[in-house]
Amino acid sequence: MQYRTRNIYLIPYAVWIALFVIAPIVLIAYYSMFDIDGALTVGNYRRFFTPVYMGMTVRSFWYAFLVTMFSLLVAYPTAYLLTKTKHKQLWLLLMIMPSWMNLLLKAYAFIGMFGTYGPVNALLGALGIGTKQILFTEFSFIFVAVYIFVPFMILPIFNALDELNPSLVAAARDLGASGWDTFRRVVFPLTINGVKSGCRAVFIPALSLFMITRLIAGNRVITLGTAIEQHFLVTQDWGMGSTIAVFLIIAMGLTMVLTGSGEEGRQHVK
Amino acid sequence: MADDVIVRFENVTKQYDDDPAVLDDVSLRLERGKFYTLLGPSGCGKTTIIRLIAGFIEPTKGHIFMDGQEISRISPSKRKVNTIFQDYALFPHLNVFDNVAFGPVVKRMKKSDIADAVRGALRFVNLEGLESRAIAGLSGGQQQRVAIARAIVNQPEVLLLDEPLSALDPKLRTDMQYELRELQRRLGITFVFVTHDQEEALALSDEIFVLNNGRIQQSGSPTDIYDEPVNRFVADFIGESNIVAGIMISDYLVEFAGRQFECVDKGFNPDEPAEVVIRPEDLEITPADRGKLRARVDSQLFRGVHYEICCYDENGNEWIVHSTRKATVGDEVGLDFGPDDIHVMRLGETEDEFDKRIESYEEARYAV
């Protein structure tokens, strides 16, 4: 009786998963088997392993890595300072708020700011450095991507730091550890799970970024995400687009496995 | 004598923002190799004192000295002091060995020396063979010992213990009390033990500081504090007490419960109002016509070792009696006590004034 009621509650969830998770993956895998003329083939997969797509893959990973690393470098100290402030929940809210805004809006705002006649160049001019090409560079791409992803990195790290028992830090100091030793040997290892989930929340979406590669990086940065978009919308080669998507899904799955195993694993170590 | 002082507080005040001071103008001296207890209710400032000694907080006013050197603003990592935390604060991501090795490792000791020191400390607390165990897999008592080993491996001169027994069950707690006392004797270093449990304080300490509202109410040996509490707070906090209002008629004569009694206290003004303390175990139940006071038994509890008998005298004062013999509820009984059992406290007397008065008794005794 009880068992049956529980199953009824599960129906919306099961329907959702079937329609929006399983079905699309099956469809993507299915489309990846066809070439542009609709003939069954494994040619798409062979094409993925050519230098063009391999280069794109490596670049995607590299940019996603850079974006994750800079997000971490910004987010960890920020989250740390947040836990020390008096109204930390308020400050956290302010930090998280930009993530509620539409991604495109934020991208367009940066076009205005980084443009030749934008405020950043005006400031550089006033400082005597002169006008620079900021938009459509790798720098602007990384900068805007980090800006967009930082809240997703701050939140899990903040939670991990906030849950850290303060007497552990006191104990480390008491035992003679310097500030750096305390961080390296106690604070960071005990908040590593927050760092991991933050990295996951940034790295995986960063791998398939495509909109800002065009708006901010002016297609100088071509990632797998860009390639998928181009194949579906421009070249109409759905087969190749799907093949890249299959590899992206595999990459995401691997990232999940690699960064997610720590939590349960540690507690059973005897 | 001055060399024996390891920690000294000079008029130390600790205050957060505009709140009332958590520690108010406290001066104290701790000697080498003694077991001290800071005793008081929560919020009395006892934990503040050990946090000041450890260096986790700095005094708002006043000075703290260790070994004759001012340490008020020195980092905790540079003090020869270690702390056993209330929740032990063991590092959950490190095993037993690495927890104990933490101090030596951050002090950049040689690897082989670290291993020797850690093994020695673990042997000291009887935890050999558990080196590679995870902290989460240890019992409360074992965690406590790891915390002790982790502290003593650094060879501190002062060990601070912040209510370390409060998380243990009563049986284990008693065992650990013996172990702590034994440990302190073997190490020969100063222990500063914080507790709100008066029995623990009486059993363990060479000297007790009783604190309330950020001030030291009284300091002294367990027997001094138990037998000669300076004020109502101390009398009430240490052990159970019958405290009644009285008048000190003259030296060695006190009036309470409507009668006059011979006592051993003196140095009061004639007819000065005072408070009279008689411990429940010093009262004896006698037939109604033979005691110094007449009272009616109101209720009775069996406490295992003794009966706790609650009586009211003719003036309505409550008297708690501890007796191994059972009384009958509703009976008229007599209460008997000797002059030594009466302790008269002056209203609002400070510890210094109290000490001076006690000294005058000693002089009087030698003069005879």
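**Figure 1. Helices H5(A) and H7(A) are oblique to each other.** Oblique is the class left over once angles under 35 degrees are taken as roughly parallel, over 145 as roughly antiparallel and 65 to 115 as roughly perpendicular. The model is predicted; local features need pLDDT of at least 70, side-chain atom pairs count only at pLDDT 80 or more, and totals for chains, interfaces and linings use all residues. Residues are numbered from 1 along each chain as its sequence is written, and chains are lettered from A and ligands numbered from 1 in the order in which they are written. H5 covers residues 103–114 of chain A and H7 residues 138–163 of chain A; their axes come within 11 Å and cross at roughly 140 degrees. Axes are lines fitted to C-alpha atoms, for helices over the stretch in contact, and angles run from 0 to 180 degrees between N-to-C directions. Helices (H or I, at least four residues) and strands (E, at least two) are DSSP runs, numbered from the N terminus. H5(A) contributes A:Leu103, A:Lys106, A:Ala107, A:Phe110 and A:Phe114 to the contact, and H7(A) contributes A:Ser140, A:Val144 and A:Ile148. Residues are in contact if their C-beta atoms, placed from the backbone, lie within 7 Å. By class, six residues of this contact are nonpolar, one is polar and one is charged. Nonpolar covers Ala, Val, Leu, Ile, Met, Phe, Trp, Tyr, Cys and Pro, charged covers Asp, Glu, Lys and Arg, and the others, Gly among them, are polar.

**Figure 2. Helices H3(A) and H4(A) cross at roughly 150 degrees.** The axes of H3 (residues 51–84) and H4 (residues 88–96) of chain A come within 8 Å. H3(A) is therefore roughly antiparallel to H4(A). The crossing is right-handed. A:Thr78, A:Leu82 and A:Thr83 of H3(A) meet A:Lys88, A:Trp91, A:Leu92 and A:Met95 of H4(A). Four nonpolar, two polar and one charged residues make up this contact.

**Figure 3. A:Leu258 lies in helix H13 (residues 238–260) of chain A.** A:Leu258 is exposed, with 12 other C-beta atoms within 10 Å. A residue is exposed with 12 or fewer such atoms, buried with 20 or more and partly exposed in between, the C-beta atoms being placed from the backbone. A:Lys196 is 62 residues from A:Leu258 in sequence, and their C-alpha atoms are 9.4 Å apart.

**Figure 4. Chain B touches chain A through 19 residues of chain B and 17 residues of chain A.** On the chain B side, strand E6 (81–84) and helix H2 (96–106) each supply at least two residues. H2(B) gives the largest share, three residues. Nine residues of this side are nonpolar, seven polar and three charged.

**Figure 5. B:Asn11 and B:Asp67 have positive phi values.** Most residues other than glycine have a negative phi. B:Asn11, in strand E1 (residues 5–14) of chain B, has a phi of about 45 degrees. B:Asn11 counts as exposed, with 12 C-beta neighbours inside 10 Å. B:Asp67 has a phi near 55 degrees and sits in the loop between strands E4 (61–66) and E5 (69–70) of chain B. With 14 C-beta neighbours inside 10 Å, B:Asp67 counts as partly exposed.

Methods: Contact = placed C-beta atoms within 7 Å. Left-handed = near helix turned anticlockwise from the far one by under 90°.
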